[in-house]
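Me: Please take a close look at one part of this model for me. I would like the helix packing first, then the annotated site and what surrounds the ligands.

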Amino acid sequence: MTGPHAGPPHRPAESARDRLSPEHYDYFAGGAGEETALRDNEDAFGRLALLPRVLRGGAERDTRVSVLGREWPAPLFVSPTAFHRLAHPDGEAATARAAAATGTPLVTGMAATTAVADVVTAAREADPDAVVWFQLYLQPEHEVTAELVHRAERAGCSALVVTVDSPVFGRRTRDLRNGFRDLPPGLAAENMRDLPGAAPGATRDIAMWPAGWDDLGRLRELTGLPLVLKGVLHPEDARVAVEHGVDALVVSNHGGRQLDAAPASVEALPAVAGAVAGRVPVLMDGGVRRGGDIALALALGARAVGVGRPVLWALATGGEAGVRQALTALREDFDHVLALCGGHRPQDLTADQVVPRGLPHRPRTGEGAC
Ligand SMILES: Cc1cc2nc3c(=O)[nH]c(=O)nc-3n(C[C@H](O)[C@H](O)[C@H](O)COP(=O)(O)O)c2cc1C
Ligand SMILES: O=C(O)C(=O)c1ccccc1
């Protein structure tokens, strides 16, 4: 379909770069260390291909998946990312309305520039039944964690996503080089305002801290909300998490922003899915950019996938309408890929359909080669 009038290819990150200050663009785009894990998240999808099944009939497709007792219209959610007001003045409220309008569950972050209650209110304006989860970093002071959890509960969040891949903060090369440390005046991590131990009206810093399984147990006692562990890559941790009663997992290397030596999320996924053996839903994020990536992750054992940067780029370039458009496009692309693979439902995608792309070159012997 590409022709002289097709226009330039759609490169969301480049469009966003034109709109953002260089240091804010780098904050969103960048990763830890040499950005190996960051690059590999996308590259690893590129190393995989899908074998379609043929003559499977049936024009009807149903992309819904069930996660923690709710039907999602597609196996897609918005991963938590910090500081949406750096991308667009409407910030997390715009993201929330767009996610809700497309039926896409949203994980709003503890590092949001909009308080969780306002994020849920915005989502519910677009869809009274919108699914919003709250992402939490366990804090060293139990009362601080407890207050954050109760705020998320009161706001109407239906699960807590505990990020466990950050015992210390990643060394983000671009941020160190740019000297990016603080939000500009007027913006703040609003969930961190008026917490125990801080002056009234002040915000606390988000602590990165090496919590343990006992701390997760204390969180379990604090709340009846389902607990989702985000940032699991080792299959043994997945097994222990299930034994601790965790309700779901997110296989993630934090978009390549924590351990640069980590594998691509999609490469870690099969072993984690194997260890979990269907006992809880396995979600994943990192490098998902098109319908084929969603299909690959599902075939390798994910129930649904999250997107981080694609939402930030869409927000920066098109605000609420931009995010709506990006989420709709991803969902439609997944439905199309599912059809081309001979599938009717997400569960029809299976691991035997995933093969490596770019097999090693087989030298021709001359004889038999045509
Ligand atoms: C700018 C930015 C901020 C992020 N902030 C958080 C955060 O506060 N908490 C968290 O658990 N993950 C955070 N993440 C990681 C995302 O939740 C997600 O794992 C990652 O972005 C997925 O990869 P993708 O960007 O390739 O889709 C952040 C990612 C980015 C790019
Ligand atoms: O930037 C991030 O990836 C992130 O997780 C974070 C954590 C705390 C504050 C701001 C961002």
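Reply:
**Helix packing and the annotated site**

Helix H9 (residues 235–243) packs against H10 at an angle of about 35 degrees, and their axes are 8 Å apart. The model is a predicted one. The crossing of these two helices, H9 and H10, is right-handed. On the H9 side, the contact is made by Pro235, Ala238, Arg239 and Val242. H10 brings Ala271, Val272, Gly274, Ala275 and Val276. By class, that contact has 7 nonpolar residues, 1 polar and 1 charged.

Now the annotated site. H10 spans 265–276, and the loop between strand E9 (248–251) and this helix holds His254. An unreviewed UniProt entry carries the annotation "active site" for His254. Is His254 buried or exposed? His254 counts as buried because 26 C-beta neighbours lie inside 10 Å, and the cut-off for buried is 20 or more. Setting aside neighbours within four places in sequence, His254 is in contact with Asp165, Ser166 and Gly231.

Next, the ligands. His254 is also one of the residues around ligand 2. Ala82, Ala111, Ile206 and Arg257 surround ligand 2 as well. The shell of ligand 2 divides into 3 nonpolar, 1 polar and 1 charged.

Ligand 1 is surrounded by 23 residues. The closest are Ser79, Thr163, Gly255, Gly308 and Arg309. By class, the shell around ligand 1 has 12 polar, 7 nonpolar and 4 charged residues.

Methods
Residues numbered from 1 in each chain as written. Chains lettered and ligands numbered in written order. Predicted model: local features only at pLDDT ≥ 70, side-chain atom pairs only at ≥ 80, totals over all residues. UniProt positions renumbered as here; feature names shortened; annotations may be inferred. Helix = DSSP H or I, 4+ residues; strand = E, 2+ residues; numbered from the N terminus. Buried ≥ 20, exposed ≤ 12 C-beta atoms within 10 Å, placed from the backbone. Contact = placed C-beta atoms within 7 Å. Near = placed C-beta within 6 Å. Nonpolar A, V, L, I, M, F, W, Y, C, P; charged D, E, K, R; others polar. Axes fitted to C-alpha atoms, helices over the stretch in contact; angles between N-to-C directions. Left-handed = near helix turned anticlockwise from the far one by under 90°.
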